[in-house]
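This report covers a single protein chain. It begins with individual loop and helix residues and then turns to a sheet and to the chain as a whole.

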Amino acid sequence: MTNLSAADVARLLRYEPETGKLYWLPRPTEMFKSEGDAKRWHSNFCGKEALTAVNSEGYRTGMVWCQHVSAHRVAWAIIHSAWPNHQVDHINGDKLDNRPGNLREVTIALNQRNAKMQSNNTTGITGVYWWPARRKWRAELKADGRKRHLGLFDTKEAAAAARAAANEKFGFTARHGQSNAA
């Protein structure tokens, strides 16, 4: 969490809704120790894209007044004149797409219902796996903090159908569980 206010970031950064990008705004000389510092900052940064580093999780990040911030959260703060209270989800799954229509504030539980397939998935279907002890396909789902057993099935397709029905019942998005290549 940052101690920058939404008004602070709106004074320092320009948000471009069409692209979801942020740009450094001009700053008054009073913000700097000297006129030379102000001139150097303006020639190096003013008008240029801000928060362009991409962290290990795939989000744009950077520093504002010596504080590490995420671009999608800054975009939210500028759009709504307040920092989000929860997570900011990228609806289409593209963590670099910070356009207003792609951002929504959600709880952790709702954000997980829009998650892509985990990289260690071996069946290609989220929540479906082979259970060797029973020689059946098992379908399960975790929602609202509880793991739910959906049944044992003779075919992977039947287990996938049970999981798809549960996804709809529990409000998972159509993108949930899709492969990272999708």
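## Loop residues and chain overview

Arg 135 lies in the loop that connects strand E9 (128–131) with strand E10 (136–143); helices (H or I, at least four residues) and strands (E, at least two) are DSSP runs, numbered from the N terminus. The model is predicted: local features need pLDDT of at least 70, side-chain atom pairs count only at pLDDT 80 or more, and totals for chains, interfaces and linings use all residues. Residues are numbered from 1 along each chain as its sequence is written, and side-chain values use heavy atoms, with hydrogens and water left out.

Phi of Arg 135 is near 55 degrees, a positive value in a residue other than glycine. Trp 65, in the loop between strand E5 (60–64) and strand E6 (67–70), also has a positive phi, near 45 degrees.

| Residue | Relative accessible area | Class |
|---|---|---|
| Arg 135 | 64% | exposed |
| Trp 65 | 37% | partly exposed |
| Asn 167 | 15% | buried |

Asn 167 belongs to helix H5 (residues 156–169). Its side chain makes a polar contact of 2.6 Å with the side chain of Arg 163. Such a contact is a pair of N or O atoms within 3.5 Å; within protein, one must be able to donate a hydrogen and the other to accept it, and residues adjacent in sequence count only if both atoms are side-chain atoms.

An open, antiparallel sheet is built from three strands in the order E1-E2-E3, where pairing requires at least two DSSP bridges between two strands. Strand E1 (13–16) and strand E3 (49–50) are at the edges with a single partner strand each, so one side of each has no neighbour in the sheet. Strand E2 (residues 21–24) pairs with E3 over two bridges, and Leu 22 stands opposite Ala 50 in E3.

Overall, the chain has five helices and eleven strands. Its radius of gyration is 22 Å, well over the 16 Å that the globule rule gives for 182 residues, so the chain is more spread out than a compact globule. That radius is taken over C-alpha atoms, and the rule is 2.2 Å times the number of residues to the power 0.38. The C-alpha trace spans about 75 × 25 × 25 Å along its principal axes. Buried residues make up 39% of the 182 residues.

Technical notes
Buried < 20%, exposed > 50% of the residue type's maximum accessible area, 1.4 Å probe, protein only.
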